[in-house]
Amino acid sequence: MARIAGVNIPTNKRVTISLRYIYGIGPKKAQDICTQLGIPDDRRVNQLSDDEVLRIRELIDREFRVEGDLRREVAMNIKRLMDLGCYRGLRHRRGLPVRGQRTHTNARTRKGKAVAIAGKKKVTK
């Protein structure tokens, strides 16, 4: 099992698919990495030599921001918005959708489980 950027990538999948398991590398960046290093599209991770895995690891470390660094940067950007008190920051703080989606009916993923409003109890005589 190859370990790149602190992530164990699957060995029986193609290289372009396996690289996507790293946070910050999507389809385009994975394809760019393979073409830059001259790795064919149909090559699988278990067919890579140790030298090729080392070259992939060095290229990712040198040219891309992935995993912990990227997660930290995203978290700092969100924290900065919340500290500014701008509209997007307030939406993050309240746990509501940030990008203009409607909240009257949808947005259950962001708002959490629906809670019923507790009404007054009927008094029976």
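Modeller: What follows sets values against definitions.

Modeller: This is a predicted model, in which local features need pLDDT of at least 70 and side-chain atom pairs count only at pLDDT 80 or more, while totals for chains, interfaces and linings use all residues. Residues are numbered from 1 along each chain as its sequence is written, and side-chain values use heavy atoms, with hydrogens and water left out.

Biologist: Why are H4 and H5 called roughly perpendicular?

Modeller: The axes of helix H4 (residues 67–84) and helix H5 (residues 87–94) cross at roughly 105° and come within 7 Å. Axes are lines fitted to C-alpha atoms, for helices over the stretch in contact, and angles run from 0 to 180 degrees between N-to-C directions. Angles of 65 to 115 degrees count as roughly perpendicular, under 35 as roughly parallel, over 145 as roughly antiparallel and the rest as oblique. H4 and H5 are therefore roughly perpendicular.

Biologist: Which residues make the contact of H4 with H5?

Modeller: With contact meaning heavy atoms within 4.5 Å, H4 contributes Ile-78, Leu-81, Met-82 and Asp-83, and H5 contributes Arg-88, Gly-89, His-92 and Arg-93.

Biologist: What makes Asp-32 and Lys-28 a salt bridge?

Modeller: A salt bridge needs a side-chain nitrogen of Lys or Arg within 4 Å of a carboxyl oxygen of Asp or Glu. For Asp-32 and Lys-28 the N to O distance is 3.0 Å, so the pair meets the definition. Both residues lie in helix H2, four residues apart, about one turn of the helix. The structure holds eight salt bridges.

Biologist: Why is Lys-28 called exposed and Asp-32 partly exposed?

Modeller: Buried means under 20% relative accessible area, exposed over 50% and partly exposed in between (1.4 Å probe, protein chains only). Lys-28 has 59% and is therefore exposed; Asp-32 has 30% and is therefore partly exposed.

Biologist: How do you know that Arg-55 and Asp-51 meet in a salt bridge?

Modeller: Their side chains have an N to O distance of 3.8 Å. Arg-55 and Asp-51 are about one helical turn apart in helix H3. Arg-55 is partly exposed at 31%, and Asp-51 is partly exposed at 45%.

Biologist: Which residues have the most contacts inside the largest nonpolar core?

Modeller: They are Leu-19, Ile-22, Ile-33, Ile-56 and Ile-60, in a core of 21 residues. A nonpolar core is a set of buried Ala, Val, Leu, Ile, Met, Phe, Trp, Tyr and Cys residues joined through side-chain atoms within 4.5 Å.

Key
Helices (H or I, at least four residues) and strands (E, at least two) are DSSP runs, numbered from the N terminus.
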